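Subject: Structure handed over, with notes

Dear colleague,

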Amino acid sequence: MRQFGQLGLGDERDRNLPCQVSTLSGRHVALVACGWRHTVVTAEGGGLWSWGRGTHYQLGHGEEADLMLPRQVSPDALRRAADDAGAPEGAVAGLAAPCG
């Protein structure tokens, strides 16, 4: 059972077929990364969204909360994470670009 919303569909139901994540409708997803109980995507032109289990801050929103639907990670949160990890300046520039 999808207990933590990692499918991004707003519920905890299992699915046997692919489903469109409506929160991301209209965006051109460039990359999808799936963890054990969470999912992260980047969009063409910038922007990073995450959802699923967040009990260890792994979603990047600065809180320990599970998310049933994708939420965009703020550019400030991305910069703080890069700084904390010792990444070179500008390493997250493409990801941090705001999306409309």
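Before the first finding, one term is needed: a salt bridge here is a side-chain nitrogen of Lys or Arg within 4 Å of a carboxyl oxygen of Asp or Glu. Please also bear in mind that this is a predicted model, and that every value below was computed from it.

By that criterion, the side chains of Arg 15 and Asp 11 form a salt bridge, because their N-to-O distance of 2.9 Å falls within the 4 Å limit. Asp 11 also meets the side chain of Arg 13 in a salt bridge, with 3.8 Å from N to O, and in this way Asp 11, Arg 13 and Arg 15 are linked in a network of salt bridges. In general, side chains of opposite charge can pair when their charged atoms come close. As for how open these residues are, Arg 13 counts as exposed at 52% relative accessibility, because the exposed class begins over 50%, whereas Arg 15 at 26% and Asp 11 at 22% each count as partly exposed.

The strands make an open sheet of 4 strands in the order E1-E2-E3-E4, with antiparallel pairing. Strand E1 (29–34) and strand E4 (67–72) stand at the edges of the sheet, and because each has a single partner strand, one side of each is left without a neighbour in the sheet. From one strand to the next, the twist averages 15 degrees. Within this sheet, E2 and strand E3 (residues 48–52) pair in the antiparallel sense over 5 bridges.

Is Thr 39 buried or exposed? Thr 39 is buried, because its relative accessible area is 7%, and the buried class covers values under 20%. Across the pairing, Thr 39 stands opposite Trp 51 in E3. A polar atom of the Thr 39 side chain also lies 2.8 Å from the backbone oxygen of Gln 6. Once its neighbours within four places in sequence are left aside, Thr 39 is in contact with Gln 6, Val 32, Ala 33, Cys 34, Trp 49, Ser 50 and Trp 51.

Finally, some totals for the protein as a whole. Buried residues make up 28% of its 100 residues, and the protein exposes about 6300 Å², of which carbon and sulfur atoms supply 52%. Among contacts between residues at least 6 apart in sequence, 36% join residues that are at least 24 apart.

Conventions:
Residues are numbered from 1 along each chain as its sequence is written. This is a predicted model: local features need pLDDT of at least 70, side-chain atom pairs count only at pLDDT 80 or more; totals for chains, interfaces and linings use all residues. Side-chain values use heavy atoms; hydrogens and water are left out. Buried means under 20% relative accessible area, exposed over 50%, partly exposed in between (1.4 Å probe, protein chains only). A polar contact is a pair of N or O atoms within 3.5 Å; within protein, one must be able to donate a hydrogen and the other to accept it, and residues adjacent in sequence count only if both atoms are side-chain atoms. Contact means heavy atoms within 4.5 Å. Two strands pair if DSSP finds at least two bridges between them. Helices (H or I, at least four residues) and strands (E, at least two) are DSSP runs, numbered from the N terminus. Axes are lines fitted to C-alpha atoms, for helices over the stretch in contact, and angles run from 0 to 180 degrees between N-to-C directions. Accessible areas come from the Shrake-Rupley method with a 1.4 Å probe; for residues, only the protein chains shown count as cover.
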